[in-house]
Amino acid sequence: ISESLSSAIKFSKEENYQAASFIYKEILNENPNHQIAATNLALINKRELGCSAAMNAIDHAINVTRGQRLAKALSLQGSCFIEAERYIEAIKSLNRAIEYRPDHGILWKKLAKAKNLDKHPIEDVITTYQRALALDAHNIKLRLTIAKLQYYHLDFNGSIKTLRDDYASIKTSYSGQNLLAWNYLELRKFNNAKKHIKLARRLDSTKSDILTAMQSYADKQYNSSINFIKSLKRKSPSYQYLLALNYRGKKWHKSAEKYLLKLDESRNHKYLAKLNLLLLNINNKQAEDRLLQLNQFSKLRVLTPYIGYKGALIALKANNPKEAKIWLEELSLPSIDLKTNLLYADSLWQSNQPKAALEKLNALYDASPTNPLIIRKYASRLHNTQFPIKAEKVIRSLKSSDYKATDYFLHASLLVASKQANKALIKLAEGIEHWPNNTQLRFLLAQTLFANHQLERSQQQIIYLLRLDANHLQAQKFMQENFHEKTI
């Protein structure tokens, strides 16, 4: 048997499968329980004859093999069940195979495919694919498969993270760059989208049509994008979806709805289309009705982080922070998305949970101490809770290039509150140098100068402010109370 087995393996390597198959059958006639012969015959039969003709050999291999060879035989069976659209049986076979070979990425990938075809919850499908990716981290095709599923099932931030986790590989992938662009378009991060559109164009100039249309949409040149798409003879679902987004941007809701309805049964775009249709139709409804319909939508086979964020926004705008908190906790968290986390901090704050809000902001600040959005929010909340010294330390970490007029105002206010008037005056002078017509900065400067006994300079600032805005009530009152003048 040993010599025959060596010959069969040699014939297989030479792709002489007929000769190899003949020898494996001879071996099995002599020893039906020979594991290598049974497994290899099943492999050859599936490859050369197809699943239907190979099932007997596969079943026999499953009956006589153990360990990793049994895993291989079960994997073959699972593949054939997938091909026959017998997904429940495929899942059963592949789960058994994984018991014997849990560190084999291909098995996890096959299992994820079977679960997806059997319409398992999309979270379960993604998790299973991620188990496969963890065992084969540089498999670009697998990474793209996961990222596409996340995008088409509405987890845009999740899709971006999947792609960015191995950006060194994705950087030279047209599909990866194109998908990043689509995700950023959904999140309305247009500058990011344009960056990846540009990279995608460099990687594949033959795809310039869709990229040109995407670029125009990102530039909010809706008519240009619409006219360009309409000039094309063939319009794939991606083009139809982009048309709908352009019409939505123009607020031509009926035209947007027309193209979104065409995608209702699209294999890839149906949930994107359904979400946009929902957002169009609930736009003018009461918050309670909007949340009800959004909640019903979340029960579909979609990923919910983005839906939870949208629901929380609606609830918070309707002055219902506790409802916003629930939407985020049940559908979006935990999350790596900054906007989601900041919104959660706001919902905690407005739900009269200042301590929890500050803890959340502190955690975000510790993780990203130079992020301007976090710095502004954290410093502002600390200021609101009478922690001016700590708040001033936080706002001080803001880069000078990131300062806005409101940042100068907040920083100066914190310096005043922590009894550092001279530093506050310097900060206000810096702010006014950049924004000379900002009345908020000038009024705080006048107040600080007055408190610092620089009365003449204070009065000069109030006079200048009232020239900028003669109806500034606070400035008028300040002038009357402190300089006994009713008019300038």
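The buried residues of helix H20 are covered by elements that include helix H10 (156-164), helix H12 (174-186), helix H18 (270-281), helix H19 (287-298), helix H21 (321-331) and helix H22 (338-350). Here buried means under 20% relative accessible area, with exposed over 50% and partly exposed in between (1.4 Å probe, protein chains only), and helices are DSSP runs of H or I with at least four residues, numbered from the N terminus. This is a predicted model, in which local features need pLDDT of at least 70 and side-chain atom pairs count only at pLDDT 80 or more, while totals for chains, interfaces and linings use all residues. Residues are numbered from 1 along each chain as its sequence is written, and side-chain values use heavy atoms, with hydrogens and water left out.

**Helix H20**

- Helix H20 (residues 305-317) has 13 residues and reaches 19 Å from its first C-alpha to its last, close to the 18 Å expected at 1.5 Å a residue, where the expected span is 1.5 Å times one less than the number of residues.
- Its buried residues are Tyr306, Ile307, Gly308, Tyr309, Gly311, Ala312, Ile314, Ala315 and Leu316.
- Just after H20, Asn319 takes a positive phi of about 60 degrees.

**Helices H3 and H5**

- The axes of helix H3 (residues 35-49) and H5 come within 10 Å and cross at roughly 20 degrees, the axes being lines fitted to C-alpha atoms over the stretch in contact, with angles that run from 0 to 180 degrees between N-to-C directions.
- H3 and H5 are therefore roughly parallel to each other, a term that applies to angles under 35 degrees.
- On the H3 side the contact (heavy atoms within 4.5 Å) is made by Gln35, Ile36, Thr39, Ala42, Leu43 and Lys46, and on the H5 side by Arg69, Lys72, Leu76, Ser79 and Cys80.

**Two buried polar residues**

- Ser75 lies in helix H5 (residues 67-83), and it counts as buried because its relative accessibility is 9%.
- The side chains of Ser75 and Lys110 are joined by a polar contact of 2.7 Å, that is, a pair of N or O atoms within 3.5 Å, of which, within protein, one must be able to donate a hydrogen and the other to accept it, and residues adjacent in sequence count only if both atoms are side-chain atoms.
- Leaving aside neighbours within four places in sequence, Ser75 is in contact with Leu94, Ala97, Leu107 and Lys110.
- Glu392 is found in helix H25 (residues 388-395), and it counts as buried because its relative accessibility is 7%.
- A polar contact of 2.7 Å joins the side chains of Glu392 and Arg396.

Conventions. Parallel < 35°, antiparallel > 145°, perpendicular 65-115°, else oblique.
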